[in-house]
Amino acid sequence: MKEQGNAKKIVCIIVAIIIIIGAIICAKKGFNIEMMYKNRQEIMISNSTEIDISKIEEISKSVLENREVKVQKLERFGNAVEIISTSISDEEKQNLISKINEECKTDISNDDIDIISIPNTRIRDILKPYILPGVVTFAAILLYFIIMYHKIGLRKVLLKGIFTPIIAELLYYSIIAITRIPFGRISNSIAIGLYVVSIGILSIYFHKEKEMLPKNDKKEND
């Protein structure tokens, strides 16, 4: 039992250190935001026939060197693509169109293509759609835990029910900040999955604790 208690303390210390380091990195550097949420520039290229997106991506990366580049389809039939990067100059745009026309056998006019500048999206705006549903479901789940498992101790249910999901999320986002994994749609989807898993683990834990109560009461009576 003593060794188990020491192991728990060590785990808690490691988790606390990771969260503190993550908080410091967030304060100094911020998250490594996914391309779709950064300050970026975009150009849209369309053609009367289908465009080979892999070829466009290859050309874009060769012209827009040493920066993040994303190419995605805009039309169902594949005749329009969007080239996104942290910066695109007029000269690079012209070079892109010339290479695309040459290698993809298209006839795209440089004058018809505009560079669109898009400002970054703030972290709070990215998370805003998740806040209200998260708070409502968290409150409902906590109320369910209190009603179902209050016999094992209201304090235990409240402490574990509140802090376990919060610490799990803080730990996850701290790892995201430390490792510089892009923060965005994928990372937030994983965070939701982690939240659901933490609630599931809590349910199993509380259920086992509740099942142990009659056994413990019987032993005390004997």
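Reader: In which helix is the place of Ile21?

Author: The model shown here is a predicted one. Helices are numbered from the N terminus, and the one that runs over residues 2-28 carries the label H1. The place of Ile21 is in helix H1.

Reader: Is Ile21 buried, partly exposed or exposed?

Author: A residue counts as buried under 20% relative accessible area and as exposed over 50%, with partly exposed in between. Ile21 has a relative accessible area of 38%, so the class that applies to Ile21 is partly exposed.

Reader: Which residues make the nonpolar surface patch, and what is its area?

Author: Residues with over 30% relative accessible area can take part in a patch if they have no salt bridge, and Ile21 has a value of 38%. Helix H1 gives the most to the nonpolar patch, with 3 residues. The patch is made by Ile13, Ile17, Ile21 and Ile178, and its area is about 330 Å².

Reader: How many helices and strands does the protein chain have, and in what pattern do they follow along the sequence?

Author: The secondary structure of the protein chain comes to 6 helices and 4 strands. Read along the sequence, these elements follow the pattern α-β-α-β-β-α-β-α-α-α.

Reader: Why is the protein chain said to be more spread out than a compact globule, and what is its radius of gyration?

Author: For 222 residues the globule rule gives 17 Å, and the value for the protein chain is well over this, so the chain is more spread out than a compact globule. Along the principal axes, the C-alpha atoms fill a box of roughly 90 × 35 × 25 Å. The radius of gyration is 26 Å.

Technical notes:
Residues are numbered from 1 along each chain as its sequence is written. This is a predicted model: local features need pLDDT of at least 70, side-chain atom pairs count only at pLDDT 80 or more; totals for chains, interfaces and linings use all residues. Side-chain values use heavy atoms; hydrogens and water are left out. Patches are made of residues with over 30% relative accessible area and no salt bridge: like charges are joined within 9 Å, nonpolar side chains (Val, Leu, Ile, Met, Phe, Trp, Tyr) within 5 Å. Accessible areas come from the Shrake-Rupley method with a 1.4 Å probe; for residues, only the protein chains shown count as cover. A salt bridge is a side-chain nitrogen of Lys or Arg within 4 Å of a carboxyl oxygen of Asp or Glu. Helices (H or I, at least four residues) and strands (E, at least two) are DSSP runs, numbered from the N terminus. Buried means under 20% relative accessible area, exposed over 50%, partly exposed in between (1.4 Å probe, protein chains only). The radius of gyration is taken over C-alpha atoms; the globule rule is 2.2 Å times the number of residues to the power 0.38.
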